Amino acid sequence: MILALDNALGTTGYAVFKKDKTLVYCDKFKTKSKGLDDKLNEITDYLLYLVERFEITHIVIEDTQSQSNKDTFKKLSILNGLIREFCILNELTYTVVPVTTWRKYLCIPQRPRDLSKKSAQAFVYNRYGLKLSEDECDAICIGTWYVNNN
């Protein structure tokens, strides 16, 4: 099984796919902690739960985007590295995909942000018949890109 992540420190969207491209499950989880280290621990624990629950063998991670806020960029880069290390320690393969790559593949505009998010939601509704949050839809789009290109 493949786990696609719209990784974030607050709300992370995720989607689980079979290798045959079937969407199995999607949802989001929110961290409750305030501090960075505590948030990272929560995320790691939840990833372990997902890996065990769905027998995940591969994780698709959205690459860290350039941010106008340097502190946010730094924290998201730390999260990205943590997920990669999680994969290595748990003997999972992983792919890192730039947001521009999956959006271009699915014909989703890059900017403005609101249009990108609404377009991802429209794609998920049209392809899968699901009305979901931005985080869940981005994860599904990331997973859709992956299963159709690997």
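Which hand does the crossing of helix 1 and helix 2 have, left or right? Before selecting anything, note that this is a predicted model, in which local features need pLDDT of at least 70, side-chain atom pairs count only at pLDDT 80 or more, and totals for chains, interfaces and linings use all residues. Residues are numbered from 1 along each chain as its sequence is written, and side-chain values use heavy atoms, with hydrogens and water left out.

**Stop 1: helix 1 and helix 2**

Select residues 36-54, which form helix 1, and residues 70-89, which form helix 2. Helices here are DSSP runs of H or I with at least four residues, strands are runs of E with at least two, and both are numbered from the N terminus. The two helices cross in a right-handed way; that is, the near helix is turned clockwise from the far one by less than a right angle. Their axes are 11 Å apart, at an angle of about 35°. An axis is a line fitted to C-alpha atoms over the stretch in contact, and angles run from 0 to 180 degrees between N-to-C directions.

Now show the side chains. Helix 1 makes the contact with L36, L40, I43, T44, L47, L48 and V51, and helix 2 with K75, I78, L79, L82, I83 and F86. Contact means heavy atoms within 4.5 Å. Of these residues, 11 are nonpolar, one is polar and one is charged. In this count Ala, Val, Leu, Ile, Met, Phe, Trp, Tyr, Cys and Pro are nonpolar, Asp, Glu, Lys and Arg are charged, and the others, Gly among them, are polar.

**Stop 2: the nonpolar cores**

Select A15, F17, V60, W102, I108, I140 and C141 next. They have the most contacts inside the largest nonpolar core, which has 23 residues. A nonpolar core is a set of buried Ala, Val, Leu, Ile, Met, Phe, Trp, Tyr and Cys residues joined through side-chain atoms within 4.5 Å. Buried means under 20% relative accessible area, exposed means over 50%, and partly exposed is in between (1.4 Å probe, protein chains only).

Elements giving two or more residues to this core include strand 2 (11-17), helix 3 (99-105) and helix 5 (134-149). Helix 5 gives the most, with eight residues. Another core, of 21 residues, lies apart from it and has Y14, V16, F29 and I43 among its members.

**Stop 3**

Select S116, in helix 4. Is S116 buried or exposed? S116 has a relative accessible area of 1%, so it counts as buried. Its side chain reaches the backbone oxygen of P109 at 2.5 Å, and a polar atom of that side chain lies 2.9 Å from the backbone oxygen of Q110.

Then select S133, in the loop between helix 4 and helix 5. S116 and S133 are 17 residues apart in sequence and 13 Å apart in space, C-alpha to C-alpha. The side chains of S133 and E136 form a polar contact of 2.8 Å. A polar contact is a pair of N or O atoms within 3.5 Å; within protein, one must be able to donate a hydrogen and the other to accept it, and residues adjacent in sequence count only if both atoms are side-chain atoms.

**Stop 4: backbone details in loops**

Select R111 and P112, which are joined by a cis peptide bond with omega about -10°. P112 is in the loop between helix 3 and helix 4. C107 lies in the loop between helix 3 and helix 4 and has a positive phi of about 60°, although it is not a glycine. C107 is exposed, at 69% relative accessibility.
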